[in-house]
Amino acid sequence: MTPQEDSQSNYLFERMPVAKAILINALPTVAGMIVILVYNIADTFFVGQTNDPYQVAAVSLATPVFLLFMATGNLIGIGGTSVISRAFGEKKPGFAKSVSSFCFYSAWIVGIFFAAIFLLGMPYILQAIGVSGNTIDPTRDYLLYVAPSAPFVIMSVAFGNIIRASGKAKQAMVGMMLGAGLNIILDPIFIVYFGMGVAGAAIATLIGNMVSAYYFWRQVSGDRTPSLSIRWADFRIKGVIVPVVAIGIPAALNNILMSTSVIVLNNVLSSYGDIAVAAMGVATKVSMIAVLLQIGLGVSIQPLLGYNYGAKNAERFRSILQTTIIYALVMGSTLTFVSWLGSGYIVNAFIEDHSVYDQGVLFVKALLLTGPVIGIMFVYINTLQAMGAAKESLILSISRQGFIFIPMIFILNYLFGLSGVVYAQPVADVMSILISILLVYPHLAKYLPKNSAQDQTTSGYENQPAQ
């Protein structure tokens, strides 16, 4: 990193007015999430143009496999980001490079292992995710191309986070946009023009992630990002693997449990027919508009919080957290309102099958009930991760998609049937938000000062001259 780049990075983390620093870090991240949102929607949208509900259901059934790859990327990337950010704040550049190198090689090794396991164990995978006689063939077609994408997905997700820890939020955004954008372009070509259906969607996904992984490899090789390293000479396991995994596991568990919960949900929904599975698949994509962007906001502040936690700058840490909560509430309310009003049009855009449409609209409105406030939980998850609070982060990560949501599916299904299954997610969301508040505030009380004159005068919006 040149002296000028180092000065700009320090100014962002240490002295830039908080509201501006959050926006500078958040806007590229949220923009990248918008592309990922479109990318996630694109597969379902273009497959939906076949007007084959079984192919639409196949995309939903295969989603847990892709989520598992993302979970592994988050384990490595978010764990690495937390450790690297605190190392920068503590002025330990050598240790940051060791962590970066460890994450790079871990991503490739684990990714290749996963690709082999899923290709060799395909019959068992299909049985586990709950395919039916109507959906087994399109689901197999999809997974045959998605499985080889494992190393590229894991690399992209991991270093999309780690690049951001070095202050390069724009480069992280570009990497996500390259892969997702290419996938969006290729989807209609393979799915519609060549008539490949779900197999075409999977091929587009594979190519997009290969390009994204190549971009991030270029960013961390050579001198483009000298604060990070992928040199084997910097690779080490001792002293690195434990802190990375301790923070990464809660982040990964969130995706793993999301994958598990989707499998459970689809298996329960399958008892109501393949149409219900397809409708929930579409509804989930629509509800992601309100959720995924708030996840992006939460992720974007982790480097800011981690740096200031490592630097023991409690006042700036507090200002960043308070301001982000306000942003999350405004963003969540706006996105939920827009998604709610447009739910019918959006669902109809995915598929014109009337039975899928009718159920899909009802499902969307149920899933959006907690949209205005769910961002609070994502901010608190990243706050705990930034502080290295592994135990609290673990508890919170397994709450929403784990020991609350999955039991709720069975309990509410028993009590209310299909309607109960649909409302299991908002019920789990409310309970998880309450748990996040209970976990975060006692932990913050140990770190943040109770009284501060600076809080009364600046409120996080101090205007200091640029250096």
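In this note, two residues are in contact when heavy atoms of theirs lie within 4.5 Å. The structure is a predicted model, in which local features need pLDDT of at least 70 and side-chain atom pairs count only at pLDDT 80 or more, while totals for chains, interfaces and linings use all residues. Residues are numbered from 1 along each chain as its sequence is written, and side-chain values use heavy atoms, with hydrogens and water left out.

1. Residue A283. This residue belongs to helix α11 (residues 274-300); helices are DSSP runs of H or I with at least four residues, numbered from the N terminus. Its relative accessibility is 0%, so A283 counts as buried (buried means under 20% relative accessible area, exposed over 50%, and partly exposed in between, with a 1.4 Å probe and protein chains only). When neighbours within four places in sequence are left aside, A283 is in contact with G360, F363, V364 and L367. A283 and L362 are separated by 79 residues in sequence, yet their C-alpha atoms are 8.4 Å apart.

2. Helices α7 and α9. Two packed helices are described by the angle and the distance between their axes. The axes of α7 (residues 150-165) and α9 (residues 198-220) come within 8 Å and cross at roughly 40 degrees; axes are lines fitted to C-alpha atoms, for helices over the stretch in contact, and angles run from 0 to 180 degrees between N-to-C directions. The two helices are therefore oblique to each other (under 35 degrees is roughly parallel, over 145 roughly antiparallel, 65 to 115 roughly perpendicular, and the rest oblique). The contact is made by F152, V153, M155, S156, F159, G160 and I163 of α7 and by L206, N209, M210, S212, A213, F216, W217, Q219 and V220 of α9.

3. Helix α16. At 1.5 Å a residue, the 13 residues of α16 (residues 374-386) should span 18 Å, and the end C-alpha atoms are 19 Å apart, which agrees; the expected span is 1.5 Å times one less than the number of residues. Because 13 of the 13 residues of α16 are buried, this helix is largely enclosed by the rest of the structure. After α16 comes G388, with a positive phi near 75 degrees.

4. Two lysines with positive phi. Most residues other than glycine have a negative phi. K91, which is not a glycine, has a positive phi of about 60 degrees and is placed in the loop between α3 (53-89) and α4 (93-120). K312 has a positive phi near 60 degrees and lies in the loop between α12 (302-310) and α13 (314-341). K91 counts as exposed at 53% relative accessibility, and K312 counts as exposed at 68%.
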